[in-house]
Amino acid sequence: MPLAHLDRPFDYLVPQALAADAVPGVRVKVRFAGQLVDGWLLERVERSDHPRLAYLEKVVSPVPVLAPEVARLARVVADRYAGSLADVLRLAVPPRHARVEKEILAQAPAPAGEPRAEPVPSAEPVPSAEPVPSAEPVPSAEPVPSAEPVPSAEPVPSAEPVPSAEPVPSAEPGGGVAPPETDGWRDYPAGPALLRALADGRAPRAVWSALPGEDWAARYATVIAATVAAGRGALVVVADGRDLDRLDAALAAQLGPGRHVCLSAALGPARRYRAFLAARLAAAPVVIGTRAAMFAPVARLGLVAIWDDGDDLHAEPRAPYPHAREVLLTRAQLEGAGALLGGYARTAEAQLLVETGWAREVVADRAVLRARTPAIAPTGDDPQLARDPGAATARLPSLAWTAAREALRVELPVLVQVPRRGYLPSVACADCRTPARCPHCAGPLGLPSAGGTPACRWCGRVAAAYACPHCGGRRLRASVTGARRTAEELGRAFPGVPVRTSGREEVLAEVPGGAGLVIATPGAEPVAAGGYGAVLLLDSWALLTRADLRAGEEALRRWTAAAALARPAATGGRVVVVADGALAPVQALLRWDAGWFAARELAERRELGFPPAMRMASVTGLPAAVADLLAQARLPDGAELLGPVPAEGERERMLVRVPRARASALAEALHVAAGVRSARKAADPVRLQVDPLALF
C-alpha cells in the first residue's frame, strides 16, 4: 500500500484453484480493509506466523511481470528515498495492457528459470474479513545489500577496471554477436581496457568524458556489443527521445535487428507494454530508453549506462523522486554489473565516483583533444574588450558577429544557442526597469510577438492596459530575449540567409546542407553534417546567475553540448561564448576540461556542506505539518536543520543535512515519521525529497 504506515508485506492464503498461477511477480487482487485492491505477489512460503489469514481473490495475469531482481531493487530504492515500495513499483512496471499481453503470451514462453508454482497443501480454509499483517515481514530468500551505491570517501585504488565477483557463463556467448572493434575507443587510453573487461564478463565502472564531435551513440553501441558478446545483457538510459532515436539507430547497425528494445513513456500504453514484456521475457538482451527504463528487467545484467547524467530529465517528478543515475548505480551494485556514465560535461556526483575509486575516468590525451576541439573564445576578456568596448554589454558582440559572418561566407551553417524559448518571455517597465508582473497572480508578463499584447506566463491573462505600479509608465522593454525574437533579429542582421529555429515546440533532427542560421534552445540543437562552422552561445548571464546550486555546472553542460557540434579548429570550427573568460565555467569550456570543473565544484560543496558531499532531505508543506513531521522524526546524530524558507503558496520548506554515512538513517527516520502521520490520518500532506535537484 502507498501509505507509509502500511509499507510492508502482508500474508494471504493461496486457494488451490489459483496455486498454479500464483507465482512470485504476478499481479493479484486481495481484500484489504474490506475493499478489493491491487497487489503484487512477492513470495510463496508454506506457512505464516499469523493463524488467521484471508485468501487471494484473483490472479490478474499469470505473467510474472515483476522480476525478482527488480523487486529487490525497488525495495532498496524506496528505502534510499524515504518512500514506499508501492510508489516505486508504480514507476517500475507499466500498466497492464491485456490485448498486448495475450499476443505476447501466444508467441513467447514464460521467463526462463521461473516455472509455475506447484500447489502448496494447506489446512482447511480459514475465512477472514480483513487481512492481518504478519508480525515480521516475510524474509526474502537473499539478503538485500546496502542501498548506498557509492562507497565511503576512502579511496579504493585499482589498476584494472573493477571485475564482478563471478562472470555469468553463457552456453552461447553473445548469441552470435562478434566482439566489436575498438577503433572508436582508441582515442581514450583506458577505452580498449574498458571493452576488454566487458568482453571478458567482468564489471568495469567508468566515467567517460567525450571528445568534441564524438559519436557517443556509436561508442555506446560498441560497449553494449562487447557486453552482449560475453553473454550478458545491457541497460542504457538517455534523457529524451532525440537521444533515444540516435542510440536506437546505432544499436541497429551494431547488433542487427531484433537484438534490443526501446522503452519510453512516450511510446503510448500498448507499445510501451509490448516493449516491457519483450524485455521481461528475455526476447532481447539489450534495453534502451528514457527515464522510464531505469527499472526495466534485463536478463543476466552485465552493464548499466547513462548518457548526460546532469540533464534534469533524469530526475523522476513523481514520489519518491528517484534519479535515474542513482537507480542505475544501485543496480550495478546489487547485480554485479558494470557501469558507464558518459557526457561532454561531468557532474559533481560522477566526480565523487572517480575520487572515491568506485569508478575510473576515461578521458582522451591532450594531443587528441587539441586536434578535435574547435577554436573557443570568450567576449569578455581584456584583449577583446580593448578591441570592442561594447562587448561587455552587447548581446551580439563583434567577435560573435564576425565568427558567424565568416562561417556563412564559406557556406557553413551557424548554430546560435539561446537559453530561453518564445519571443520576449520577460519584460520590464521601460522607464524604471521594474519587472512587469501580472496584477492578478504576480506572474511574469511576456510578449508573444512583435505586435502582441502582454500576457501572464502563469495564468495566461492578457494585460492590455498594463501600467507600472511604481512609476505609472506604460512602455515595456525586453528583460529576456527568446529564441523567436533572436531569429528575427539575426534575420535582419544577415539578410538573405535562411534562419531556422529548433526548440520544444519543433525540434530539428538535422540541418540541411549549405549555409544557414539555426537558433536553438538548450537540448534542441540539431546535428549538422560535417559540423557547424560557428557556434554562438548567447545570454550566458541567464544561465550563470540562476539561484541554483548547480548553475555553473548546468551552464557548462549546455555549452559543451552545443560546442561539441562544431567542426574542429583545423577545419574552421569556432565557438564564441558571450561571457567573461575569467569565470570558472568559461575556463573549463575554453580548455574542454570538465573533470577539472567537476573537481572544483565538488571541493566547494564539501567545504559548504552541500550534496553530493553531504546528504540532504527536503520537507515541504504547510508550516504546522512540517513542524509535526520533524517533531515525530528521530533524526540521526549530527543532523542539521536549515530553514524554513518560503515555498509555493503558503507552504514552507525545511532542509535536513547529514553526513553521507548517516543517509540511510535519515531516510528511515523520515519514512517512519511519515508513517506516524499517515496512521493518524493527518489532513495536511508533506512532501519528502531526498537529494532534490533544486535546493533553493
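This is a predicted model: local features need pLDDT of at least 70, side-chain atom pairs count only at pLDDT 80 or more; totals for chains, interfaces and linings use all residues.
Q: Which strands are the edge strands of the open sheet of 6 strands?
A: The sheet has the order 11-22-21-12-19-17, with parallel pairing. Neighbouring strands are turned against each other by 15° on average, direction ignored. An edge strand pairs on one side only, and this applies to strand 11 (375–378) and strand 17 (499–502).

Q: Which helix packs on the sheet by touching strand 11, strand 21 and strand 22?
A: Helix 13 (residues 483–493) packs on the sheet through strand 12, strand 17 and strand 19, and its direction makes about 160° with that of strand 19. The helix that touches strand 11, strand 21 and strand 22 makes about 160° with the direction of strand 11; this is helix 16 (residues 584–591).

Q: Are helix 5 and helix 6 parallel or oblique to each other?
A: The axes of helix 5 (residues 216–229) and helix 6 (residues 241–255) come within 8 Å and cross at roughly 50°. Angles under 35 degrees count as roughly parallel, and 65 to 115 as roughly perpendicular. The two helices are therefore oblique.

Q: How many residues of the contact of helix 5 with helix 6 are nonpolar?
A: Helix 5 passes helix 6 in a right-handed crossing. Residues in helix 5 including Trp216, Tyr220 and Ile224 meet residues in helix 6, among them Leu247, Leu251 and Leu255. Of the contact residues, 2 are polar, 2 are charged and the nonpolar ones number 11.

Key
Residues are numbered from 1 along each chain as its sequence is written. Side-chain values use heavy atoms; hydrogens and water are left out. Axes are lines fitted to C-alpha atoms, for helices over the stretch in contact, and angles run from 0 to 180 degrees between N-to-C directions. Helices (H or I, at least four residues) and strands (E, at least two) are DSSP runs, numbered from the N terminus. Angles under 35 degrees count as roughly parallel, over 145 as roughly antiparallel, 65 to 115 as roughly perpendicular and the rest as oblique. A crossing is left-handed if the near helix is turned anticlockwise from the far one by less than a right angle, and right-handed if clockwise. Contact means heavy atoms within 4.5 Å. Ala, Val, Leu, Ile, Met, Phe, Trp, Tyr, Cys and Pro count as nonpolar, Asp, Glu, Lys and Arg as charged, and the others, Gly among them, as polar. Two strands pair if DSSP finds at least two bridges between them.
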